[in-house]
Amino acid sequence: MLTIRKAAIIGAGNMGAQIAAHLANVGIPSLLLDIVPTELLPEEQQRGLTLQSPPVRNRITQTLFDKAKKLKPSPLFTPEVASLVRIGNVEDHLAEIKDADWVIEAILERMDLKLAIHAKIAANARPDALVSTNTSGLSIAGMTQGLPMDYRRRFFGTHFFNPPRYMRLLELIPTPDTDRALLQSFAEFGEAILGKGIVMAKDTPGFVANRIGCFDMQHVALLMLEQGLTIDEVDAITGPAIGRPKSATFRLGDIVGVDLMAQMGRNLRGLLQHDPQISVFREVEFIEEMVKRGWWGEKKGQGFYQRVKSDTGRQILTLDYRTMEYHPQQKPQFASLEAASKISNRGERIRSLCAATDKAGVFAWKHLSAVLCYAADRLSEIADDVVTVDNAMKWGYNWELGPFETWDALGVRETADRLKAEGREVPAPVHDLLAAGKTSFYEERDARRLYFDLAKRNYIAQVESPKAINLPRLHRANKVVRSNPGASLVDLGDGVACLEFHTKMNVIGGDQLAMLRESLEEVRKNFVGLVIGNQGQHFSAGANLLLLTTQIQNQDWDEIDLMIRTFQKATSTLRQFEKPVVAACHGYTLGGGTELSMGCDHIVIAAETYMGLPEVGVGLIPGAQGTKEMLIRCTESVIRSEDVDFFPGIRHAWETIGLAKVSTSASEALQLRYLRPSETTIVLNKDWLLGEAKAQVVNMVARGYTPRPQRTDIPAIGESGIALCKLQLHQMRVSGQISEHDQKIGTKLAYILCGGDLTSLHYVSEQYILDLEREVFLSLCGEPKTLERIKHTLKTGKPLRN
């Protein structure tokens, strides 16, 4: 694989600074450059600085990077990695790009500026360095006119989507001179190291994702005007109902920026004179008026929507484009949308809506059919195959299904027949597919995915990494070993099984714990090891609070006690199982989800994981070994001696749990001690998560796996530690930082972490701490405010401080 040890980014604007941040996330140091100021600021004059002073000359770059560091959500995994970005300017430090393996140009979208800077890069970069431009639409080949062939062969486009840390799509755009072997090596680097979904695009306006995405948004706006629907109604139709994100169309416009949305349309309008659908890219009058008024979306506080304060709290207003006034948001009432919302299968949901004859159904069909036809008509112009287009829209715009997957969901032949009946032209690729005797753009055979290749007029296998395991395909290929309504055991091959949860948010209850027990028995007999993971949106949001609420209301204390004992046994004994167990965590890994993963021999975790023990927010403490594990992890590195002080470690565990700290990345989870470095593998590419976990199991078996006995050397400092915690809680209570109930929970949490009412330091067993966990958990279940907090959280999704 290609090795990038150092990088240089020229252009520290919104994208350049965030690209530098993401390179820092993956451990690649970079030099970030921008222009030199031409005037001193008043504060610089007061300090006696001149235009030749380094802080002044680097000021623009530094200011832009500092601005990027303050963005929410953060472009950095942890604040510390920002130190990998070195600040400079293009006049004093351009020669230093000679040390970079990869030079990224991310300056203003002006061809004259890009031509000039690439001439300078060519004169300073190493002869073997890769050079790319981050642009959203300018001609890639046009940027290197007149430069040596050796430079042009190492040059290509890299279109990162904003924000680069979070958006998965990276479009690579070669020129006719680009060395394809080098480009392929970079693509592998992008997948494995940067964690990106790579799409090979053609050097055409908007490339792939923005070409289709801009058409989609423009068409929605024009169709809304034609059909006389409101913004609220259109966003209800063009969101999850048709397999799109909740941001739908106009909410997405506010996030992206109404000004940028309009600018993209203008750019494409000027470049697509040959496009038969050029009229779709025309100006939308009310959007142009919004741009003139500065109603640019979230960054300006108002766009298609506006958040305002009212007597009842924050209120969302929606723009009436007819009057250009804002009105309270209204939930649309369409029977077809109501019916579609009850259908979990994406294909069935879209078919149901498009078949409806009310306003929502008519709009959905007219819009989707237009986008599907446009994608098919432009296919050969913008991409080499249907997979490229589908992945671009899923990774760049977060669509659940790409255009050609949507053709399949609606039925290719049925959709073509409906278009003909309406007197509309059927796109050539659809004709070709049907003429070849095929009825879908995709097929599955033996858990492999194939797609229809237009040149070969037949299906060929989709190229995928061996690490990219797809659980739904394994289900369809009859690889399920055992199953119940809430969980399944799936054969991943090579003797490795996978315990998969499949409930809403993958909460853990009776079905999941029962399947865990069954899975261990099955693995004991027929497999070499077990992976616990899934491909839902989240690993697990924790224990089933709805079930716990019912038990508390019914005062089923014995049932709660049994549930906690069962949960504790399930999570705390995995390391004593005779074969390796590896967790594959991603998304929300909270509460019981974190506790389950802590019990595994190894954790393979997606870089973008929210991990933590937030039980205090619902009036409880981690009761399924989470408190015990944090005590162990925060004290195990302390050197033991006669005057050993374990309290700093205990305080870290107490504060982390007591403040319900949740990491915003896997790297931060390591800092919080939810993870151990020696037992953690961070994966940037989420598609590879299960594959990496499976590989860990196989490697552990090959090395000769041995279970780990339960520990009996856990420090319990007793009353001295509890007293220190109580003092801090008292100070927080007096200052109004916490409620009386928070103080009570904090005291009980300290009781566990300090080992109970001991008068001196003792070393105790895991079971000793587990018993304290269970005792405190049960006592808190009996508190009226706990039930109040749980109900509030179930209703709002947010903790209540009472």
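Strand β12 covers residues 442-445 and β13 covers residues 448-453, and the two pair in the antiparallel sense over 4 bridges. Tyr442 stands opposite Tyr451 in β13.

A word on the model itself. It is a predicted one, in which local features need pLDDT of at least 70 and side-chain atom pairs count only at pLDDT 80 or more, while totals for chains, interfaces and linings use all residues. Residues are numbered from 1 along each chain as its sequence is written, and side-chain values use heavy atoms, with hydrogens and water left out.

Another set of strands makes an open sheet of 3, in the order β9-β10-β11, with antiparallel pairing. Its edges are β9 (305-310) and β11 (325-328), each pairing on one side only. Neighbouring strands here are turned by 40° against each other on average, direction ignored (the axes being lines fitted to C-alpha atoms, for helices over the stretch in contact, with angles from 0 to 180 degrees between N-to-C directions). Strand β10 (residues 313-320) runs antiparallel to β11 and is joined to it by 4 bridges. Across that pairing, Thr318 stands opposite His327 in β11. In a regular strand, side chains alternate between the two faces of the sheet.

Turning to the helices, α30 (residues 740-753) has 14 residues and reaches 20 Å from its first C-alpha to its last, close to the 20 Å expected at 1.5 Å a residue (the expected span is 1.5 Å times one less than the number of residues). Its buried residues (buried is under 20% relative accessible area, exposed over 50%, partly exposed in between, with a 1.4 Å probe and protein chains only) include His741, Asp742, Ile745 and Leu749. The buried residues of α30 pack against α25, α26 (647-658), α29 (719-734), α31 and α32 (784-796), where contact means heavy atoms within 4.5 Å. Just after α30 comes Gly755, which takes a positive phi of about 85°.

Then there are the salt bridges, each a side-chain nitrogen of Lys or Arg within 4 Å of a carboxyl oxygen of Asp or Glu. The count comes to 59. In one of them, the side chains of Asp177 and Arg152 meet at 2.8 Å, N to O. Asp177 lies in the loop between β7 (169-174) and α7 (180-192) and Arg152 in helix α6 (residues 149-152), so this pair ties together parts that are 25 residues apart in sequence. Asp177 is partly exposed, at a relative accessible area of 27%.

Arg633 and Glu629 also form a salt bridge, with their closest N and O atoms 2.9 Å apart. Both belong to helix α25 (residues 626-635), and because they are 4 residues apart, about one helical turn separates them. Arg633 is buried at 4%, and Glu629 is buried at 2%.

Arg708 and Glu766 bridge at 3.1 Å between their closest N and O atoms. This pair links distant parts of the chain, 58 residues apart: Arg708 is in the loop between α28 (689-703) and β22 (714-716), and Glu766 is in helix α31 (residues 766-781). Glu766 is buried, with a relative accessible area of 1%, whereas Arg708 is partly exposed at 25%.

Definitions and conventions: Pairing = 2+ DSSP bridges.
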